[in-house]
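Please keep the sequence and the 3D view side by side as you read.

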Amino acid sequence: MFHRFTPKAALLSLLLIPFSFVTMTQSQTMTPDAIEAKIDSILEQMTLEEKIGQTAMRGTSSREKGKLAQELKDLVTAGGAGAFLNVMIEENMDELQRIAVEESRMGIPLIFARDVIHGFKTIFPIPLAQAASWNPENARVGARIAAFEGTAAGIRWTFAPMMDIARDPRWGRIAESLGEDPYLASVMATAMVEGFQTNDLSNPTSMAACAKHFAGYGAAEGGRDYNTTLIPERELRDVYLKPFEAVANAGCATMMTAFNEINGIPASGHKKLLTTILREEWGWDGFLVSDWDSVIEMISHGFAADEKQAALRSFNAGLNMEMTSKAFEHHLAELITEGQVQEAWLDEMVRQILRIKFRLDLFENPYHVKNRQGDLLLPENLEKAKQAAIESVVLLKNENNVLPLNKSEKTVAVIGPMANAPHEQMGTWVFDGRAKNSTTPLNAIREYLGEEATLYAPGMEYSRDKTKAGFAAAIEAAKKADVILFFGGEEAILSGEAHSRSNIDLPGAQNELIAELSKLGKPLILSVMSGRPNTIQKQISQSDAVLIAFHGGNMAGPALTDLIFGEVSPSGRLPVTWPINVGQIPIYYNHKNTGRPAEEKDFVQMDEIPVGVWQSSLGNDSHYLDIGFRPAYPFGYGLTYSKFTYSNLQLSADTIPMEERCRHKPPSLTLERPSPLRWCNFM
């Protein structure tokens, strides 16, 4: 399935996490033709209602409660569901699968799904932070551990990776993204797919990946979640579709349609995207699931008049499975009777679902392996999470080489709302991680320096706290210390789905507290733990060193401690352009030139314009009078503790012909169906 995933790489992947129950399964020995023949046999025996049932994903909120309703059991008995979301009580999962396999007429197994985005119990840095490491191995290992732990709870399908190209930090889901660059996102997302699925989906610790959100969701207008997108086709193909094409070629089992509309057509009803491009052009053979209720939300978009028309348009566009809403369940049979939908089309949709169930070996081994709780939070896996967190941290500033600190000579004041916030440091989309398993910066520094050398006064109870009752204690602690370590940022709930912000300053009274601490004349180290870029130019100027840590997962505290005290050197690089203020947004490194691109020599700052000056165009190029045209920090920026000098640079040639530039693909990403021109945009 994966051309990059060699037998040696597969073996190393399995050795990352010890387990002893990998056995040869029927799905491993069945040829693709044999699987298709099995599916033919099943389809011939299925009723119309049973086929429609396979297109239904049922489930509940992320907080499952209580016993199964008899109505739900009856639905499964009748073959009325193909998959379940968020069933996490083991007895409920086992009972539903038992009914499906042993009591339903066809005995077709269910797939159990969960949002396992950047860890199950061992929580890795958020995807945006993983992208800051520029190291696909971190993404691969993190996904492998997440799959290993998640399958212990019976989850065989995750809704990750999210590879929406994100150019607007106001958008809450930028935290889930892999940044603004289609090549970086392609490489990191492909590594995640390899980690989740391994080179064999039938492996009981493998999990089907789901590439989302197809497509263009990251271009939501104004950074407001679920919003409309307007994307010219060339930009759609050159930027937003590139990561999806990469994972399609890497064998990603499933994909999820987006909430947004693209140029007036909702993604869940977009036939050109779902069929023409994905199926016909790319030759992808997995199955498509809608996002939560996105089929019936086409009514709100104004694209469908009612639930029946929503079912018709989504189905005809190429959607296989409907998440939670019931448009297919209510109307597909009627649409087939009326001749608006052909049953042969439904057969093909169900075939694609059954194909993934065979690849997961669910027909032979429908039940998850029990008694694997000891496989969770293994020390070696926490160590890998720590390494990923270390590599995800970006050093923005290090004035006078204040970092790294000397352990033997320093007493530190640990201040700020994120210094001891074990839940918040895990970040968004952490349903199954627990605060008790996180090591905070405060606890890690205390262990490293000792209690006496670590003075703690948070100053604020949480990131949005606007009161200043704790300022006095924080300032007093800072006065007694040699160095001030301020850990600020955002709580986890301030980023993620539906958590967009118009103002991306540090929330609460953090800016006021930083300003007060900066007046003390002590070295001030600012660590920002957040789900997005924040507008912190003033706070950077008030600090001697600045570390962007994002939300680093369980091991964010030890990772930052090692960096601050020089056990390791920072290596992270920004995966997104860092704005000065929200007025610059969207701002990204690969913006096309205007007819009058901005240049430093032509820029006139607003305050430098003489009063009463004659009207002129002030440079005649594309910029803002008040802040110019450059970001606070560009894509790819990041410092380290070492210094490098480049010399004797030479060009291999004065010019390179187009055919020479496009001859080779990047060495770090090998695609299954290479095209000689596919990577020209990135050369």
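Phe-550 counts as buried, because its relative accessibility is 1% (buried means under 20% relative accessible area, exposed over 50% and partly exposed in between, with a 1.4 Å probe and protein chains only). You will find Phe-550 in the loop between β16 (545-548) and α22 (556-564); helices (H or I, at least four residues) and strands (E, at least two) are DSSP runs, numbered from the N terminus. Phe-550 is not a glycine, yet its phi is positive, about 50°.

Before going further, a word on what you are looking at. This is a predicted model, with residues numbered from 1 along each chain as its sequence is written. Local features need pLDDT of at least 70 and side-chain atom pairs count only at pLDDT 80 or more, while totals for chains, interfaces and linings use all residues; side-chain values use heavy atoms, with hydrogens and water left out. The chain has a mean pLDDT of 91, and 92% of its residues reach 70 or more (pLDDT is the predictor's confidence in each residue, from 0 to 100). Over residues 1-24 the pLDDT is below 50, and this stretch has 51 contacts in the model beyond near neighbours in sequence, where contact means heavy atoms within 4.5 Å. Residues 663-683 also have pLDDT below 50, with 44 such contacts.

Back to the loops. Asn-401, in the loop between β11 and β12, is not a glycine but has a positive phi of about 50°. Another cis peptide bond joins Phe-214 and Ala-215, with omega about 5°; Ala-215 lies in the loop between β5 (210-214) and α10.

Now visit Arg-173, in the loop between β4 (157-158) and α9 (182-197). Beyond its neighbours within four places in sequence, its contacts include Asp-225, Asp-291 and Glu-497, along with Trp-429 and Phe-259.

Next come the helix pairs. Helix α8 (residues 136-152) packs with α9 at an angle of about 30°, their axes 7 Å apart (axes are lines fitted to C-alpha atoms, for helices over the stretch in contact, and angles run from 0 to 180 degrees between N-to-C directions). The two helices, α8 and α9, are therefore roughly parallel to each other; angles under 35 degrees count as roughly parallel, over 145 as roughly antiparallel, 65 to 115 as roughly perpendicular and the rest as oblique. Among the residues that meet are Ala-139 and Ala-143 of α8, and Val-187 and Met-188 of α9.

Compare helix α10 (residues 233-240) and helix α11 (residues 242-249), whose axes come within 5 Å and cross at roughly 50°. α10 and α11 are therefore oblique to each other. Arg-237, Asp-238, Val-239 and Tyr-240 of α10 meet Lys-242, Pro-243 and Phe-244 of α11.

Finally, turn to helix α14 (residues 307-317), where the buried residues are Lys-308, Ala-310, Ala-311, Leu-312, Ser-314, Phe-315 and Ala-317. Their cover includes α12 (271-281), α13 (297-301), α15 (327-337) and α16 (343-359). Gly-318 follows α14, and its phi is positive, near 120°.
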